[in-house]
Amino acid sequence: MKSKLNLDPKVVESARNHARNIARDMQDFIDRHTTVSTERTILRLLGVDGVDDVETPLPNVVVDHIKDAGALPRGVAYWIGNAMIQTGLQPQEIAEKIAQGELDITKLDTASPEEAKEAIMPAVHASLHRIKEQTKKREEYLARLGEGRQPYLYVIVATGNIYEDVIQAQAAARQGADIIAVIRSTAQSLLDHVPYGPTTEGFGGTWATQENFKIMRKALDEVGEEVGRYIRLCNYSSGMCMPEIAAMGALERLDVMLNDAIYGILFRDINMQRTIVDQYMSRVIIGYCGIIFNSGEDNYLTTDDAYEAAHTVTASQFINEQFAVLANIQEWQMGLGHAFEMDPDIENGFLYELAQAVMAREIFPNASLKYMPPTKFMTGNIYKGHIQDALFNLVAVWSGQSLQLLGMLTEAVHTPHMQDRYLSIENANYIFNNCRDLGEEVEFKEGGIIQTRAQTVLKKADELLAEVEKDGLFSTIEQGKFGGVKRPKDGGKGLEGVCTKDDEYFNPFIPLMLGGEE
């Protein structure tokens, strides 16, 4: 397809090659390390769930038990498999006995890694079967009910009470929403455990728990039957428990998950070594079960300038694409992020936004691009805000975006009310309907503002990626080249949860998930 922006395919390929080398360099680091959260994920996939008598999740109890014994480099899969051989118990029973102080699995007689792996494989296959059944159920719903047209109308609920969220989510679906994102409780990303059970007292959002996922999934399936289309569920596979929440999402049939290590490093100060390892495990799970991941490049423009730093968004999209390739994620699952965050007072700012959005679609033609609304320059003037959101919607349908997180006219005023969502959905539907094929009808002036802007941003992104390849991703983040935020390699939260694998370490899920086997 000929580029309407007259982008140089050689520059696109150069940028992609730089990103590929950056991702491969990081993969070498990832393959040598594991983390407490990755190991807890293995336990959850093996069926370990619940809490002890002081509400500590059993996956945490088991991993802390192994870590305190200095045995984490061997990996929980070995220690659980060995304990199954030595005790005849199943993983859940082993976890319960550890929690009760009745079993120290690091002091049992030891079998070979091959024997330990053989012992846990029935539990591994049972987990993969359960995930595949959920994926199949999604496909059946889509085949029977269908879904909304892209750009999908994507809205949030955030009451703090999962049961109130259900009411608001079902109302939004009846109003026309295609995706419901349940915002997490404030600072959950900084917890090094996943809360347990249904919750009613979140702050600025609702706790992400497996039971809450199950409750919302059931509610959206019910309203989907009512409105005659499949409603997708989104939550956040990010933060200190990134891969655990991905596993929960796979088990409970979430459809979209926010998932980006660089976002966690820059905006949540999570240690970069910790989260880059965790991202790989989470993305392997996401790739396996057909979830769309959303990356967090839109956030760069809340801390940096959308005009000056646009190339950092494009560079990060290239990197996220290549991380996804290594995790066997298909192109349609790549919800690469960007945002409509230009200062409204910049002359021709709309043209720059359009150039960026069309460029993203041309570079990543098969990706499920996630487009984020204006937030940085929303003032509380709801009338101006509604117009800003309308321009955002116009760029989205013009440039063929995939997931459209709808802007709210009350952004910067309060958590959205149901009527705010209705007005936002009405705004988007009006513009999408009236401008549906605008992108097919309009071409851009040769050498004009839009073409020149896109070409300049792409060239700068390619140059930045060449620097990242030379310096390494960790060093680049230390220098503050993404989002204008600097983070130290050995700083941030969670570094103590990283360890180097020993020679007998194994994770039985990754090879099977990458190979698509059961």
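**Exercise 1. The Asp269 salt bridge**

Task: Determine whether Asp269 is buried or exposed, or in between, and find which side chain it meets in a salt bridge.

Solution. Asp269 has a relative accessible area of 22%, so it is partly exposed. Here buried means under 20% relative accessible area, exposed means over 50%, and partly exposed lies in between (1.4 Å probe, protein chains only). This is a predicted model: local features need pLDDT of at least 70 and side-chain atom pairs count only at pLDDT 80 or more, while totals for chains, interfaces and linings use all residues. Residues are numbered from 1 along each chain as its sequence is written, and side-chain values use heavy atoms, with hydrogens and water left out.

Next, the partner. The side chain of Asp269 meets that of Arg487 in a salt bridge, at 3.7 Å from N to O. Asp269 lies in the loop between α10 (261-268) and α11 (272-289), and Arg487 in the loop between α19 (473-478) and β11 (498-500), so the pair ties together parts 218 residues apart in sequence. A salt bridge is a side-chain nitrogen of Lys or Arg within 4 Å of a carboxyl oxygen of Asp or Glu. Helices (H or I, at least four residues) and strands (E, at least two) are DSSP runs, numbered from the N terminus. Arg487 is partly exposed too, with a relative accessible area of 22%.

**Exercise 2. Two further salt bridges**

Task: Find which residue forms a salt bridge with Asp178, and which with Lys481.

Solution. Take Asp178 to begin with. Its side chain meets Arg229 at 3.3 Å, N to O. Asp178 sits in the loop between α7 (162-175) and β3, and Arg229 in the loop between α8 (210-227) and β4 (232-236), so the pair ties together parts that are 51 residues apart in sequence. Asp178 and Arg229 are buried.

Now Lys481. Its side chain meets Asp471 in a salt bridge of 3.9 Å, N to O. Lys481 is in the loop between α19 and β11, Asp471 is in helix α18, and the two are ten residues apart. Lys481 is partly exposed, at 25% relative accessible area. Asp471 is partly exposed, at 32%. Elsewhere, salt bridges that share partners join Arg40, Arg44, Asp49, Asp192, Glu244, Arg274 and Asp278 into one network. The whole structure holds 28 salt bridges.

**Exercise 3. Strand β2 in its sheet**

Task: Work out the strand order of the open sheet, and find which strands pair with β2.

Solution. The open sheet has nine strands in the order β7-β6-β5-β4-β3-β2-β10-β9-β8, with parallel pairing. At the edges stand β7 (334-335) and β8 (337-339), each with a single partner strand, so one side of each has no neighbour in the sheet. Two strands pair if DSSP finds at least two bridges between them.

Strand β2 pairs with β10 (residues 403-405) over three parallel bridges. Tyr152 stands opposite Leu403 in β10. β2 also pairs with β3 (residues 179-182), over four parallel bridges. There, Ile156 faces Ala181.

Then check burial. Six of the six residues of β2 (residues 152-157) are buried, so the strand is largely enclosed by the rest of the structure. Tyr152, Tyr154 and Ile156 cover one side; Leu153, Val155 and Val157 are on the other. In a regular strand, side chains alternate between the two faces of the sheet.

**Exercise 4. Helix α9**

Task: Count how many residues of helix α9 are buried.

Solution. Ten of the ten residues of α9 (residues 242-251) are buried, so the helix is largely enclosed by the rest of the structure. Among them are Met242, Glu244 and Leu251. Just after α9, Arg253 takes a positive phi of about 60°.
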